[in-house]
Every structure is written in C-alpha cells, then in structure tokens.
Amino acid sequence: MSDAEYRPAFSYESGVVSARLAHGERALLRDIRFSLPAGAQMALIGETGSGKTMLALSIFGLLPENVRMQGGSVRLDGQALCGAKALARLRGTKLVYIPQSGSTRPGRSAVSSTTVCAVSV
C-alpha cells in the first residue's frame, strides 16, 4: 500500500490544548500527531508533568472545565470522534483509559507513575 492509500485506523492531532488560569492562558500540548494502523499498539512514556494525562483526556473528551482543545482532531476508522455521545459509546469497548497515580502507589517515585490509554483498532 502506498502512502497515498494509507488510512490509519486511529489518528490524533492535538492542535493546541490549553488551560485558562488566573493569570492567563497556558499551552499544555502543541502539535502532537500520531496515527496507528489496525492492530497496532503505542505507549506514551514520560516524567510527571510531561502531558501524558492531558493527551489521554483530550482523546476521550474528558478535559477539565478550564482546559480546551483547539484545532485538533481524534479519528477512529476515519470518523471524527466529537461529542459526548459518540465518545461515551466507545469508552470501555474501543477506547480504554486507566489512570495510575504515583501518590496511590506507595514506594514508587513520581517518575514511575504512568497513564495508560488503550485504543482497540
């Protein structure tokens, strides 16, 4: 299959994910892009504060009230995932989010905490 024919089963483009704070707006994620073919897996690994959780929450449409995603897109099988109802139907079946906090794992450093976001394509 040529690059022109490639259609990923899952794709993500963050655009800009930013937070409204008391002293203004701050970009949290900017221009993150990836796609996965059917059957592929991907892991996000990073230190605390690197954006793993915000990326996962933006995929699931679960961003906090003061955080918004501008100009990005999330697609599954070529269809844009937008709107609470569309995302709710996929959570737990095609999309799985398992948060893990370092504070809930005694004896683990903050760097060892992970966020798991699984996409079944």
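Student: At what relative accessibility does Leu63 count as partly exposed?

Tutor: This is a predicted model, in which local features need pLDDT of at least 70 and side-chain atom pairs count only at pLDDT 80 or more, whereas totals for chains, interfaces and linings use all residues. Residues are numbered from 1 along each chain as its sequence is written, and side-chain values use heavy atoms, with hydrogens and water left out. Buried means under 20% relative accessible area, exposed over 50% and partly exposed in between (1.4 Å probe, protein chains only). Leu63 therefore counts as partly exposed, its relative accessibility being 22%.

Student: How are the rings of Phe10 and Phe34 arranged, stacked or tilted?

Tutor: Rings of Phe, Tyr and Trp (its six-membered ring) pair if their centres lie within 6.5 Å, with planes under 30 degrees apart counted as stacked, over 60 as edge-to-face and the rest as tilted. By this rule there are two aromatic pairs. The centres of the Phe10 and Phe34 rings are 6.1 Å apart and their planes stand at 35 degrees, so this pair is tilted.

Student: Which class does the pair of Tyr12 and Phe34 belong to?

Tutor: Both Tyr12 and Phe34 are buried. Their ring centres are 5.4 Å apart and their planes lie at 25 degrees, so the pair is stacked.

Student: Which residues do the ring pairs link into a cluster?

Tutor: Both Phe10 and Phe34 are buried, and so are both Tyr12 and Phe34. The cluster linked by ring pairs consists of Phe10, Tyr12 and Phe34.
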